Amino acid sequence: MPAAAAELAPLQYALNKPTPKIQTMSHDNLDDEIICPCSGTRRGQIRACFLQGLDADAISRKTGALSGCGGCEWDIGEYLRSLVAEAAPDKPAH
Ligand code: FES
């Protein structure tokens with residue numbers, strides 16, 4: 001995880017602002033996007049955990065995401081909802 005991202009996440013949480021999406025070197029590969037700066041968890045790790053059948057709590061325990069400032073909670077929740085919608089396109093993602 002970039003050092004600046006680790007320092008930035010708690011400050012943004014303290015200011016009650018959403019954490020910006022931080023891209024890595026590969027801007028066109030969303031799997032490489034760091035979705036939780038506190039833990040350095042990438043979007044692809046979240047998707048891999050989801051495909052293993054893990055829920056948000058298990059993903060948090062496995063990756064460390066959602067266990068720091070909490071600034072990634074909305075982004076990870078939305079991402080998991082989109083993965084659920086993709087997995088079951090006939091059902092609403094609520
Ligand atoms: S960004 Fe702080 S816990 Fe995920």
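This is a predicted model: local features need pLDDT of at least 70, side-chain atom pairs count only at pLDDT 80 or more; totals for chains, interfaces and linings use all residues.

Colleague: Fine. How many helices and strands does the protein have?

Modeller: Four helices and two strands.

Colleague: And in what order do the elements run from the N terminus?

Modeller: The order is α-β-β-α-α-α.

Colleague: What percentage of the residues count as buried?

Modeller: The protein has 94 residues, and 23% of them count as buried.

Colleague: How about contacts across the sequence? What share join residues at least 24 apart?

Modeller: Take the contacts between residues at least 6 apart in sequence: 47% of those join residues at least 24 apart.

Colleague: Now the inside. Which residues form the largest nonpolar core?

Modeller: There are twelve: I34, I35, C36, C38, I46, C49, F50, I59, A65, L66, C72 and I76. The elements that each supply two or more of them are β1 (34–36) and α2 (43–51).

Colleague: Pick A65 from that list. What is A65 in contact with, leaving aside neighbours within four places in sequence?

Modeller: I35, C36, S39, T41, I46, I59, S60, C72 and I76.

Colleague: And L66, where is that?

Modeller: L66 sits in the loop between α3 (56–63) and α4 (73–87). Its backbone stands out on one point: phi is positive, about 70 degrees, although L66 is not a glycine.

Colleague: Why does L66 count as buried?

Modeller: Because L66 has 22 C-beta neighbours inside 10 Å, and the cut-off for buried is 20 or more.

Colleague: On to helix packing. At what angle do the axes of α2 and α4 cross?

Modeller: Roughly 45 degrees, and the axes come within 11 Å. That angle makes α2 oblique to α4. The crossing is right-handed.

Colleague: Which residues make that contact between α2 and α4?

Modeller: From α2, R43, I46, R47 and F50; from α4, I76, Y79, L80 and L83. By class that gives six nonpolar residues, two charged and no polar.

Colleague: And α2 with α3, at what angle do their axes cross?

Modeller: Roughly 125 degrees, with the axes coming within 10 Å. This makes α2 oblique to α3. The handedness of the crossing is right-handed.

Colleague: Which residues meet in α2 and α3?

Modeller: Q45, I46 and C49 in α2 meet I59, K62 and T63 in α3. The classes here are three nonpolar, two polar and one charged.

Colleague: I46 keeps coming up. Where have I seen it?

Modeller: I46 is listed in the largest nonpolar core. I46 is also part of the α2 contact with α4, and I46 is one of the α2 residues that meet α3.

Key. Residues are numbered from 1 along each chain as its sequence is written. A nonpolar core is a set of buried Ala, Val, Leu, Ile, Met, Phe, Trp, Tyr and Cys residues joined through C-beta atoms within 7 Å. Two residues are in contact if their C-beta atoms, placed from the backbone, lie within 7 Å. Axes are lines fitted to C-alpha atoms, for helices over the stretch in contact, and angles run from 0 to 180 degrees between N-to-C directions. Angles under 35 degrees count as roughly parallel, over 145 as roughly antiparallel, 65 to 115 as roughly perpendicular and the rest as oblique. A crossing is left-handed if the near helix is turned anticlockwise from the far one by less than a right angle, and right-handed if clockwise. Ala, Val, Leu, Ile, Met, Phe, Trp, Tyr, Cys and Pro count as nonpolar, Asp, Glu, Lys and Arg as charged, and the others, Gly among them, as polar.
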